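The following note is intended for a colleague who is meeting this structure for the first time. Please read the numbered points alongside the sequence and the model.

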Amino acid sequence: IETLDSFPEFPLGVFPEPLQNLVSNIAESYNVPVELPAATLLFLSGGCIGATRQIQITENFKIYPNIYMAIIAESGMRKSPPIKYMLKALRIKDKE
């Protein structure tokens, strides 16, 4: 089994600077790897986009993009709190 140290760092530069800061701050605050809030951000972004965009494969075939996420870690590794925090922020914004 490979350890997290054997994988490359998540490329935070793919996000705009405010989102890079958000992901970094959440990772630091909850003492989790940056990959956890970064993956959550990608997953939530896909949910926000939903069925508003399509990919046209051929003239008659369009699909909606989907993003799936699986967080795999030992029990007690603090997976849930940062995810719940990010979901709460999204729910607050959704009510506006």
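1. K93 and E96 form a salt bridge, with their closest N and O atoms 3.0 Å apart. A salt bridge here is a side-chain nitrogen of Lys or Arg within 4 Å of a carboxyl oxygen of Asp or Glu, and by this rule the count comes to one. K93 is exposed, at a relative accessible area of 55%, and E96 is exposed as well, at 68%. Buried denotes under 20% relative accessible area, exposed over 50%, and partly exposed in between (1.4 Å probe, protein chains only).

2. The model is predicted: local features need pLDDT of at least 70, side-chain atom pairs count only at pLDDT 80 or more, and totals for chains, interfaces and linings use all residues. Residues are numbered from 1 along each chain as its sequence is written, and side-chain values use heavy atoms, leaving out hydrogens and water.

3. The largest nonpolar core consists of eight residues: L12, F15, V23, I26, A38, L41, L44 and M86. Such a core is a set of buried Ala, Val, Leu, Ile, Met, Phe, Trp, Tyr and Cys residues joined through side-chain atoms within 4.5 Å. Helices α1 (17-30) and α2 (35-49) each supply at least two of its residues, and α2 gives the largest share, three residues. Helices are DSSP runs of H or I, at least four residues long, numbered from the N terminus.

4. T40 lies in helix α2 and is buried, with a relative accessible area of 1%. Leaving aside neighbours within four places in sequence, T40 is in contact (heavy atoms within 4.5 Å) with M69, I83 and M86.

5. L12, a member of the largest nonpolar core, touches Q20, V23, S24 and V34, not counting residues up to four places away in sequence.
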